[in-house]
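I opened this entry to record what I looked up in the model.

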Amino acid sequence: MRVPGAALAVLAGPMSFGIAGPALILGDVAAGLGASAEGVAWLVTVFGWGIALGTPLASWLLGYRGARVTGLVAGALALAGTLLVVAGPTLAPGGPEPVANGPGLGLVLLGRALQALGAAGLSTAAMSLAGTPRRMGLATASLAVVGSVAPLVSSLVAGALGWRAALALPVLSVLAVPALLGQPTPADARPRALAPAALLRSPSFVIASLLALGLAVVNFGLIYALPARFSGWTRAEVGAAMVWPLLFGGALSWFVVAASTRVRRGVTLTALVAAGIAAAVTVTLTAWPPALLVAQAAASLAAASGQGVLAVQAADAAAEADRPAAIGLFTLCYLLGVAFGPLLLA
């Protein structure tokens, strides 16, 4: 049964709420839990490690038990994690002094870890079921588009409903789990390796994964580098200005990935890599705000489009039975850019 394209987008996109959503509300979380800034910073780290662990495990489960079982397991993890995140009291303003690690923080961290495992499973399922470059582009573009507005949306939700509601946003991906229930269990359901040797020996797969990692490093590195270059701007002004290049790059990537079937893959990848390099060079040479925003748009477009185009290449490099593992490992490489980009910048 073919999964609708809209369901693929809903399965994949909300994971970005977990990655970028807490950026502007960590202070609210610290105040609400009576925790230190250093303590609540682990909310981002734990989610990142949850994705890193959950992605290859989800690809293994996909190959072993299929999308239906994977969707049910991942959805249950996401729901359980969200319940832990929203449970518990919130301190009133003027409450106890912050502490390094309050008991409420541990519960929220555990919830975030379970959310990440669930989100990784649903996102990996979406990319594995895409089947065509156009549908793959829809899934990857949803990640980029949601990521571009996640800090702003999470901030608005926190202001209206509280920070716990904002941290619960990744659970929206569970809405599309019913679309996976009609998927069959693989006929030859035998446990397979998390990283098949034939896959790791494939130059096409390795190149696709490394290029995706490089483009993600540039994109996420610039997201952290640019705010410091806008001298004299308030945080709100910088945040509002950066929504548009990120949104532009993420939305346009769907058209780029869909059109890539009509252009030689080498030409498309050369253009995307050139855009990523040009973005990085531009940020090092100028502090002119319009040029910086154009550079961010180019980096966002290159990373989001590259994820879609290169995911197709990675899947094509694998045998049919190894395709879930290929998508999982490829996606892991791309998501490592979330950590390596800011790390290399620092």
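I first listed the neighbours of T82, leaving out residues up to four places away in sequence: T82 touches Q115, A168 and V171, a contact being heavy atoms within 4.5 Å. The model is predicted, so I note that local features need pLDDT of at least 70, side-chain atom pairs count only at pLDDT 80 or more, and totals for chains, interfaces and linings use all residues. Residues are numbered from 1 along each chain as its sequence is written, and side-chain values use heavy atoms, with hydrogens and water left out.

I located T82 in helix α5, residues 42–86; helices are DSSP runs of H or I, at least four residues, and strands runs of E, at least two, numbered from the N terminus. T82 counts as buried because its relative accessibility is 9%, the cut-off being under 20% with a 1.4 Å probe, protein chains only. Its side chain reaches the backbone oxygen of A78 at 2.8 Å.

I then turned to helices α7 (residues 133–161) and α13 (residues 289–316), whose axes come within 9 Å and cross at roughly 145°. Axes are lines fitted to C-alpha atoms over the stretch in contact, with angles from 0 to 180 degrees between N-to-C directions. From α7, P133, M136, T140, L143 and A144 make the contact; from α13, A304, Q307, G308, A311 and V312 do.

Of its 346 residues, 51% count as buried. Among contacts between residues at least 6 apart in sequence, 88% join residues at least 24 apart.

Definitions and conventions
Buried < 20%, exposed > 50% of the residue type's maximum accessible area, 1.4 Å probe, protein only. Polar contact = N/O pair within 3.5 Å; in protein donor to acceptor, adjacent residues only side chain to side chain.
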